[in-house]
Amino acid sequence: MTGAASASFTADDYKARMERAARQAADAGLAGLLVAPGPDLVWVTGYTPTAVTERLTLLVLAPGREPVLVVPTLEAPDAERALGASALTLRDWADGKDPYAATAALLDADGRFGISDNAWAMHLLGLQRTLPGTSYASLTEVLPMLRAVKDAAELELLAAAGAAADAAFEEIRSVAFAGRRESDVAADLAGLLRRFGHSQVDFTIVASGPNGANPHHEVGDRVIERGDMVVLDFGGLRDGYGSDTSRTVHVGEPTDEERRVHDLVREAQEAGFRAVRPGAACQEVDRAARAVIADAGYGEYFIHRTGHGIGVTTHEPPYMIEGEEQPLVPGMCFSVEPGVYLPGRFGVRIEDIVTVTGDGGRRLNNTAREMVIVD
C-alpha cells in the first residue's frame with residue numbers, strides 16, 4: 001500500500017530522497033540508515049505497510065550501495081507496488097526464518113547506524129544481538145534535518161492542508177459555542193477538517209475558559225459559557241501532509257484585559273513571523289516572540305516553545321526553541337505559536353504554519369488573527 005501523498009510524487013522523487021538520505025548519513029559519519037515503518041519510510045519510499053506488526057520491515061540505506069527493503073514475504077506484493085520500489089531491492093523473509101540474520105548481511109559488523117525514532121525496541125535489540133559490534137542512534141539525534149527542507153511539491157501539499165484548516169476555521173466561527181460542550185465543538189471541527197479534504201484528524205483542542213490555560217487540554221464535557229475565551233487548536237493530514245493552526249475566540253464581548261492579552265499574543269506572533277529569514281537560527285524565532293510577551297510582564301505565562309516543524313507528521317524537527325542554533329533554510333516549514341496561559345482564568349494562543357522563503361517567510365495560514373467574537 002502506498003502512502004496517501006504518493007500520487008503527488010514520482011519514482012524519481014523517491015529515488016532522489018533515498019540518495020539524499022544516504023549522502024547525509026555519510027556526511028554524519030554513519031555507516032547507514034535503518035528506516036522503519038512510519039513517517040520516515042513513507043517519505044523516503046512512498047510505502048506504508050498495511051499493518052505494522054512484530055514482523056520486521058526495515059529499509060537499509062548505505063552510502064555507495066543500492067537501497068534494500070527487508071520485508072515479510074506475505075507483505076512483499078504490497079511493497080512492490082510502492083512508487084519508490086523501482087529504486088530499491090526487496091529482500092523478503094518467510095515466517096520461521098530469522099529476519100535479523102537477513103538484515104545483518106546488509107550491515108557493516110562494526111558500523112554506527114541511524115535508526116528511525118519509532119523503530120520497535122524488539123527489532124533494535126534483535127539486530128544488536130546478531131551484530132554486537134554495531135551501534136545505533138535515533139534519526140532525530142543524528143539527522144534532524146532529513147525531512148526538514150521541503151521541495152516545491154511538498155510545499156504545495158502543505159499549503160493546501162493549511163488552506164483546508166483555514167476553511168474549517170471560517171466555518172466554525174459561525175456555529176454556536178455558548179451552551180454546548182467542548183466535545184461538541186471539537187466534533188464539529190473534526191467533521192470540517194474531513195469535509196475540506198483531511199484523511200486524518202490528529203487533534204481538535206477546544207479549551208474554554210480556565211481550560212484554555214492548559215496548552216494541551218484534553219477536550220471534555222465542560223459546557224462553554226458566555227464570557228469564555230476559547231482556544232482552538234486543530235490539524236491533521238491532508239494528502240499525506242500536515243496542517244496545524246490555532247486561533248483564540250471569545251464568546252460574546254471580551255473584557256479589556258482579555259482583549260489586551262489577545263493583542264499581546266498577536267503582536268508576539270507577528271514578531272516571531274518577522275524573525276523568519278534564511279540563515280537566522282531557529283532560536284531567534286523563539287526569542288523574538290518571547291521578548292514581546294516578557295516585556296509586557298507575562299513571560300512566566302508563556303510555557304512552551306514557539307514552534308515545531310511540520311511535514312508528513314504534524315510535529316517534527318526543526319524546533320523553534322532557545323538553544324536550537326540550526327539555521328533556517330528556504331523550504332523549511334514550522335509553526336509560530338506563542339501563547340499566554342493564566343492559571344484558573346484563560347489562555348490565548350495564535351498559530352500559523354510558516355515556510356522559509358528566499359528573503360523571509362510566508363504564512364500558510366491566513367485567517368484573521370484579530371479577536372474573533374462568536375455566539
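Buried means under 20% relative accessible area, exposed over 50%, and partly exposed in between, with a 1.4 Å probe and protein chains only as cover. The model is predicted: local features need pLDDT of at least 70, side-chain atom pairs count only at pLDDT 80 or more, and totals for chains, interfaces and linings use all residues. Residues are numbered from 1 along each chain as its sequence is written, and side-chain values use heavy atoms, with hydrogens and water left out.

**Exercise 1. Strand β9 and its partners**

Task: Which strands are joined to β9 by bridges, and in which direction do they run?

Solution: 
- Step 1. Two strands pair if DSSP finds at least two bridges between them.
- Step 2. Strand β8 (residues 229–238) is joined to β9 by 10 bridges, and the two run antiparallel. Gly236 stands opposite Ser243 of β9.
- Step 3. Strand β17 (residues 372–374) is joined to β9 by 3 bridges, and these two run parallel. Val249 has Val372 of β17 as its bridge partner.
- Step 4. As for cover, 11 of the 11 residues of β9 (residues 241–251) are buried. One side includes Tyr241 and Val251, the other includes Gly242 and His250, and both faces are covered.

**Exercise 2. Ala168 and its contacts**

Task: Which residues are in contact with Ala168, leaving aside its neighbours within four places in sequence?

Solution: 
- Step 1. Ala168 belongs to helix α7 (residues 152–172).
- Step 2. Its relative accessible area is 0%, so Ala168 is buried.
- Step 3. Contact means heavy atoms within 4.5 Å. With those neighbours left aside, Ala168 is in contact with Leu192, Leu193, Phe196 and Phe234.

**Exercise 3. Salt bridges**

Task: How many salt bridges does a search of the whole structure find, and where do the partners Arg147 and Asp40 lie?

Solution: 
- Step 1. A salt bridge is a side-chain nitrogen of Lys or Arg within 4 Å of a carboxyl oxygen of Asp or Glu.
- Step 2. The search finds 28 salt bridges.
- Step 3. In one of them, Arg147 meets Asp40 at 2.3 Å, N to O. Arg147 is in the loop between α6 (139–142) and α7, and Asp40 is in helix α2 (residues 39–45), so the pair ties together parts that are 107 residues apart in sequence. Both Arg147 and Asp40 are buried.
- Step 4. Arg65 and Asp108 form a salt bridge with their closest N and O atoms 2.7 Å apart. Arg65 lies in the loop between β2 (58–61) and β3 (68–72) and Asp108 in the loop between α4 and β5, so this pair ties together parts that are 43 residues apart in sequence. Arg65 is partly exposed at 42% relative accessible area, and Asp108 is partly exposed at 30%.
- Step 5. In the salt bridge of Arg274 with Glu270, the closest N and O atoms are 2.6 Å apart. Arg274 and Glu270 are 4 residues apart in helix α9, which means that about one helical turn separates them. Salt bridges that share partners join Arg247, Glu270, Arg274, Asp352, Arg363 and Arg369 into one network.
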